[in-house]
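Have the viewer open as you read.

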Amino acid sequence: MPKTIQNDLPFVLHDVARLMRTRFDQYARQFGMTRAQCVTLMKLECRPGMSQTELAAILEVEPITVARLIDRLEASGFVERRPDPSDRRMHRLHLLPAATPLIAEIDKYRAMAVAKLREVVDPADWEAAHRVLLQFKETLLTEGFGAPEGDQS
């Protein structure tokens, strides 16, 4: 039987994540936003007052990338940098009221997308898949994966 990756779980997960990102990119464009900008707003809603360095670590991007994102969001009136009271070299990031309606729209989209996906999956399977993915995530976060045994490349 020829080897195929179309049904290999890691590749399927990658494809599903890519398709979800692509769909969200299309959605975000109607607001003149990028997915990265929307995700930044959502992260700041969950953790107001983060520094750009902390946000870069959460987003898994370089601090300069976050600086550019925040520059654009600040210019749009969605975010402001406030001086850190204990470190004058650092700024803390805060959402402005103008971001609230956009965050509500992002939440609506997320809820709609989840509902659409749940329509095609048995509730017990949904819960099992969620549980398994959380286990995968925990394993990947806590255990190192090196090269396969015997592979020293």
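Where is the place of Asp-84? Asp-84 sits in strand 1, strands here being DSSP runs of E with at least two residues and helices DSSP runs of H or I with at least four, both numbered from the N terminus.

Before going further, a word on ground rules. This is a predicted model, where local features need pLDDT of at least 70, side-chain atom pairs count only at pLDDT 80 or more, and totals for chains, interfaces and linings use all residues. Residues are numbered from 1 along each chain as its sequence is written, and side-chain values use heavy atoms, leaving out hydrogens and water.

Back to Asp-84. Its relative accessible area is 8%, so Asp-84 is buried (buried means under 20%, exposed over 50%, partly exposed in between, with a 1.4 Å probe and protein chains only). The Asp-84 side chain reaches the backbone nitrogen of Ser-86 at 2.7 Å. Setting aside neighbours within four places in sequence, Asp-84 touches Met-90, His-91 and Arg-92 (contact is heavy atoms within 4.5 Å).

Now for helix 3, residues 52-59. Gln-52, Leu-55, Ala-56 and Leu-59 are its buried residues. They cover an arc of only 105 degrees around the axis, which puts them on the same side of helix 3; the arc is taken from the directions from the helix axis to the C-beta atoms. What do the buried residues of helix 3 pack against? They pack against helix 2 (35-46), helix 4 (63-75), strand 1 (79-84) and strand 2 (87-95). Thr-53 and Ala-57 are exposed, on the face turned away from the buried side. After helix 3 comes Glu-60, with a positive phi near 60 degrees.

Last, the aromatics. Rings of Phe, Tyr and Trp (its six-membered ring) pair if their centres lie within 6.5 Å; planes under 30 degrees apart are stacked, over 60 edge-to-face, the rest tilted. The count comes to four aromatic pairs, including these:

| Pair | Centre to centre | Between planes | Type |
|---|---|---|---|
| Phe-24 and Tyr-109 | 5.3 Å | 70 degrees | edge-to-face |
| Tyr-27 and Phe-31 | 5.3 Å | 65 degrees | edge-to-face |

Phe-24 lies in helix 1 (residues 9-29) and Tyr-109 in helix 5 (residues 99-119), so their pair ties together parts 85 residues apart in sequence. Both Phe-24 and Tyr-109 are buried. Tyr-27 is buried too, at 11% relative accessible area, while Phe-31 is partly exposed at 34%. Ring pairs link Phe-24, Tyr-27, Phe-31 and Tyr-109 into a cluster.

Key. Polar contact = N/O pair within 3.5 Å; in protein donor to acceptor, adjacent residues only side chain to side chain.
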